[in-house]
Amino acid sequence: MSEAPFPDVCASAVETIGHTPLVALDRLARGLPGRVLVKLESFSPGGSVKDRIARRMIADAESQGRLPPGGAIVETTSGNTGIGLAIVAVVRGYRFFAVMSEGNSVERRRILSALGAEVVLVPQAEGYRPGVVSGEDLALVEQCAAELAAELPAFRPNQFENAGNVEAHAATTGPEIWKQTGGRVHHWVALVGTGGTFLGVARFLKDRNPGVRCHVVEPATARILAGQAVTDTRHQLQGAGYNLIPPLWDAALCDDCIGVSDADAIETARRLAREEGIVGGFSSGANVWAALEVARRASDGEVIVTVCPDTGLKYLSTDLFP
Ligand code: PMP
């Protein structure tokens, strides 16, 4: 077997994380003064923006001696972060336990199992139904994860509190956007779940150019970061809008908050597919709707960058693409 390096081969799936394309939405934004560019995070191996933080949180734990070779990782997750962690765990040789509520969708369980993750299902609190995972359900999941992690023992990445979440985006997503646009960015627009994507990119861009305006996107009925009264926490923007101020939050990086309704997010996700050939999820629809709003109010030639956090293929069992 030849030991000579190949000209262009990745050593593992982990090396395919990031370096995602930035695409101009020149069909959807036709006639608007601003130009909208969208970063397609579905190009990473787990199909979402969360692969970046999975790689970073595990690498940090390794270098800090918190994850011995062959060790175990426990995270409470139902979706994209779990899939990213499962991929990195496979390649680096760790056991990964995804602790989730029985109320979460079956597709996510199946993808995690396919990746060799051990899925621990926690029964829902009395009176709750599948598809609606409540705060009470999440408390049960957290309790189960804490017990399991203590028993194994295991490393808990805890994406909501792990600074590596923000750092992953400040070190990769932000610099990629800067390079791809040649530094021609006037606005950054993103929905907040843990806040990692919004904060990491905002910090990097403002560091390069303090004039970049950063717009947070929130569900129209749960605008907690805008300081408004929350009227309804049930919304369809999965992975975001958790009705809390994320522990990693830094208000100094936020210039503006935009509320998006489920209907506008869904309609925009459908238009993104039909008019741009891009199949995104609910949060992609929300981000692009908000970016188009910013483009409408922008000065001529201003550049608005946003992100498609994942793919619509993860939501085929929902009413997004009937
Ligand atoms: N959209 C989707 C589909 C997600 O899974 C997430 C992450 N939970 C987000 C948006 C928000 O990203 P962040 O956690 O970096 O704020």
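Predicted model: local features only at pLDDT ≥ 70, side-chain atom pairs only at ≥ 80, totals over all residues.
How many residues does helix α8 (residues 282-297) have, and what does it reach from its first C-alpha to its last? Residues are numbered from 1 along each chain as its sequence is written, and side-chain values use heavy atoms, with hydrogens and water left out.

**View 1. Helix α8.** This helix has 16 residues and reaches 23 Å, close to the 22 Å expected at 1.5 Å a residue (1.5 Å times one less than its number of residues). Helices are DSSP runs of H or I with at least four residues, strands runs of E with at least two, numbered from the N terminus. Because 13 of its 16 residues are buried, α8 is largely enclosed by the rest of the structure (buried: under 20% relative accessible area; exposed: over 50%; partly exposed: in between; 1.4 Å probe, protein chains only).

**View 2. Strands β7 and β8.** Strand β7 (residues 213-219) runs parallel to β8, joined by 5 bridges (pairing takes at least two DSSP bridges). Here V217 stands opposite I258 in β8. In β8 (residues 256-260), 4 of the 5 residues are buried, so this strand is largely enclosed too.

View 3. For T197, an N or O atom in the side chain is 2.6 Å from an oxygen atom of the ligand.

Definitions and conventions. Polar contact = N/O pair within 3.5 Å; in protein donor to acceptor, adjacent residues only side chain to side chain.
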